[in-house]
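Open the structure in your viewer and keep the selection tool at hand. The tour below goes from stop to stop, and each stop says what to select.

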Amino acid sequence: MTELTHRDLSESEPSAGELELEDRASLRRVAGLSTELDDVTEVEYRKLQLERVVLVGVWTEGTAAQSEASLAELARLAETAGSEVLEGLVQRRNRPDPATYVGSGKVRELADVVLSTGADTVICDGELSPGQLRQLEAKLKVKVIDRTALILDIFAQHARSREGKAQVELAQLQYLIPRLRGWGTSLSRQAGGRAGGGNGGVGLRGPGETKLETDRRRINKRVAKLRREIASMDTIRETKRGRRLANEVPSVAIVGYTNAGKSSLLNAITGAGVLVEDALFATLDPTTRKAATPDGRTYTLTDTVGFVRHLPHQLVDAFRSTLEEAADADLLLHVVDGSDPAPEEQVNAVRAVLGEITASRVEPLPPELLVINKADAADQLTLARLRHQLPGALIVSARSGLGIEALVEAVADRLPRPEAMVDVVVPYARGELVARAHADGEVLAEEHTPEGTRLRARVHPDLAAALREYEAGGVPG
């Protein structure tokens, strides 16, 4: 039997991202199995299992192309959740109907489409009120969910870390609380006090909707517990961040629209091997990797969760601690999908979410470097338009490697540089100080002399203080 060398083994071993992608692909919903409900009121107390869906949207503002793009994005979200999209409808209205979202006439048309296609789920391109949800389910006789519930379902599928799962569960419970209803036999209404004498009769007099209130109280207790757990995880995150700040390690955060190629860019720069998939919200948990500038300075690169138009406010609230990691960075790499039909809208959506996260902060957002990714798949006219509209943006392709070297150099130029200039002769016995100058500072000149290592470098103040006793000819001005 032929023995494999260590190099052969390392080359054959898949990365962590490839293993996670294989694990995700191994569990798929089986097409063709109906999930139509006998009692649609069961939907809130079971996991969403989307199969054959019909999409419906209300066009209230913007152009027809923008409304169609929004519905196309909803279709991609539905497919990412594991469903098959059968049909899509858009209605032009000044505002959504307060009772049924699309109006009574469109509901009848939608019911005919659901019946003819055999769909078992309707997804609305907006956040439905509890009343709209109840009315639509009663008239359509199938599950009805909104854009928020769909995104929450995708997040629940893709969360991997303990913190990510807790944040998603918190967002789901915050969404569920106002939508609890007294349904079915286990949640039957009970008339409180003497009110039962008129309508309820014997056996229904009691404290009121006991089961419903009990459920709400349990959910509120669970929400409080999740908030405490996330706060304790924030302490760990702050400790790690404080350690990096104490060591004065610059940080770069990658932000951008979902599926813009943020994880691919992280892999291209650092070789991190994180999961990469052509799907919306493929990666949720932030990944931090060590990187180095061409002149040897160390910094950290963090991949954050992707944004989307109308990102549910429950998710923004639950993921606030994670997203604030980007707001505390020294530089933002704002990744834009150059192959998208409307990349400018992606830029506006990401900046809107960042503004929401930092609205209560005193400190401004860190400087931003726009990176237009997927240049190999983008239309040249679109790239020319983006160069004009987004001056200073870099054109790259994480897949082919185009522009990656220029990006690394641009990051190095924008990172904060050590401000203290030193000219020292470090004894050979203190070689750790020389190593720190190379790792954390910017060495301008180095010479080995009989007395020790002669260094001219820019370093951080704490290292400058440690080197002060070895000054050679004074600190140059």
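What follows is a walk through a predicted model, starting with the whole chain and then turning to its parts.

**Stop 1: the whole chain**

Show the protein chain as a cartoon. It has 16 helices and 13 strands. Of its 477 residues, 47% count as buried. The accessible surface comes to about 23,800 Å², and 51% of that belongs to carbon and sulfur atoms. Now consider contacts between residues at least 6 apart in sequence: 70% of them join residues at least 24 apart.

**Stop 2**

Select β1 (residues 52-59), β2 (84-92), β3 (residues 121-124) and β4 (residues 143-146). In which order do these strands lie in the sheet? The order is β2-β1-β3-β4, in an open sheet with parallel pairing. The edges are held by β2 and β4; each has a single partner strand, so one side of each is left without a neighbour in the sheet. On average, neighbouring strands here are turned by 20 degrees against each other, direction ignored.

Then select helix α4 (residues 104-117), which lies across β1, β2 and β3 and runs at about 165 degrees to β2.

**Stop 2: strand β3 and its neighbours**

Zoom in on β3. Strands of a sheet pair through backbone hydrogen bonds, either parallel or antiparallel. On one side, β3 pairs with β1 in the parallel sense over 4 bridges, and T121 of β3 is the bridge partner of V53. β3 also pairs with β4, again in the parallel sense and over 4 bridges. Along that pairing, T121 stands opposite K143, and C124 stands opposite D146.

Next, select helix α5 (residues 130-140) together with β3 and β4: they make a right-handed β-α-β unit.

**Stop 3: C124**

Select C124, which lies in strand β3. Why does C124 count as buried? Its relative accessibility is 1%, and the limit for buried is under 20%. Leaving aside residues up to four places away in sequence, C124 touches V56, L74, Y101, L136, V144, I145, D146 and R147. Try the distance tool on C124 and I145: they are 21 residues apart in sequence and 6.4 Å apart in space, C-alpha to C-alpha.

**Stop 4: the sheet of six strands**

Move to the other sheet on this tour. Its 6 strands form an open sheet in the order β6-β7-β5-β8-β9-β10, with mixed pairing. The edge strands are β6 (287-292) and β10 (394-395), and each pairs on one side only. Within the sheet, β5 (residues 251-256) and β7 (residues 298-303) run parallel and are joined by 4 bridges. The bridge partner of V252 in β7 is L301.

**Stop 5: T302**

Select T302 in strand β7. T302 has a relative accessible area of 4% and is buried. Which residues does T302 touch, not counting those up to four places away in sequence? They are V252, A253, I254, P286, T287, T288 and E325.

**Stop 6: the nonpolar cores**

Finish inside the chain. The largest nonpolar core has 54 residues, and those with the most contacts inside it are L77, I123, L150, F155, F281, L311 and L315. The largest share of this core, 7 residues, comes from helix α7 (residues 162-176). Pick L311: not counting residues up to four places away in sequence, it touches F281, V316 and V353. Another core, of 24 residues, lies apart from the largest one, and V252, A272, L333 and L415 are among its members.

Key
Residues numbered from 1 in each chain as written. Predicted model: local features only at pLDDT ≥ 70, side-chain atom pairs only at ≥ 80, totals over all residues. Heavy atoms only, no water. Buried < 20%, exposed > 50% of the residue type's maximum accessible area, 1.4 Å probe, protein only. Helix = DSSP H or I, 4+ residues; strand = E, 2+ residues; numbered from the N terminus. Pairing = 2+ DSSP bridges. Right-handed = clockwise from strand over helix to strand, strands pointing away. Axes fitted to C-alpha atoms, helices over the stretch in contact; angles between N-to-C directions. Contact = heavy atoms within 4.5 Å. Core = buried A, V, L, I, M, F, W, Y, C linked by side-chain atoms within 4.5 Å. Areas by Shrake-Rupley, 256 points an atom, 1.4 Å probe, with all protein chains shown as cover.
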